[in-house]
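Reader: I've got a model open and would like to talk through its inside and its surface. Can you take me through a few residues?

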Amino acid sequence: MDEAFIRSRITELRLKKGVSEYQMSLDLGQNRSYIQAISSGRALPSMKQFLNICEYFEITPLQFFDSEEVNPQLMKKALDGMRTLKDEDLIMLIGFINRLHS
């Protein structure tokens, strides 16, 4: 993982969320060009701000760095929902997923 990955991942997640660099900067309580500076390579977020960015996208830092996870926000919501299911419901869900992939 390098700086280019961090910049591109923030851009990817921002676009999936459907917000502009300007809006995301303001939502994070930063100046209006904050995210644009990160995207262009002029800046990197501090650790505190990185955690705020993860919270903004409703993902964990692990999900941020998992480049194979294409839509981490949806995955997190699905996992949160599955954690509340009873065992028999989870088994039924697994069966449904297996049928989709057959």
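This is a predicted model: local features need pLDDT of at least 70, side-chain atom pairs count only at pLDDT 80 or more; totals for chains, interfaces and linings use all residues.

Reader: Which element gives the most to the largest nonpolar core?

Author: That core has 17 residues, and Ile10, Met24, Ile35, Phe57 and Phe64 touch the most other members. A nonpolar core is a set of buried Ala, Val, Leu, Ile, Met, Phe, Trp, Tyr and Cys residues joined through side-chain atoms within 4.5 Å. Two or more residues come from each of α1 (3–17), α3 (34–39) and α4, helices being DSSP runs of H or I, at least four residues, numbered from the N terminus. With five residues, the top giver is α4.

Reader: Is Gln49 buried or exposed?

Author: Gln49 sits in helix α4, residues 47–57. Buried means under 20% relative accessible area, exposed over 50%, partly exposed in between (1.4 Å probe, protein chains only). Because its relative accessibility is 8%, Gln49 is buried.

Reader: And how does Ile97 count, with a relative accessible area of 33%?

Author: Ile97 lies in helix α7, residues 87–100. Its value is 33%, so Ile97 counts as partly exposed.

Definitions and conventions. Residues are numbered from 1 along each chain as its sequence is written. Side-chain values use heavy atoms; hydrogens and water are left out.
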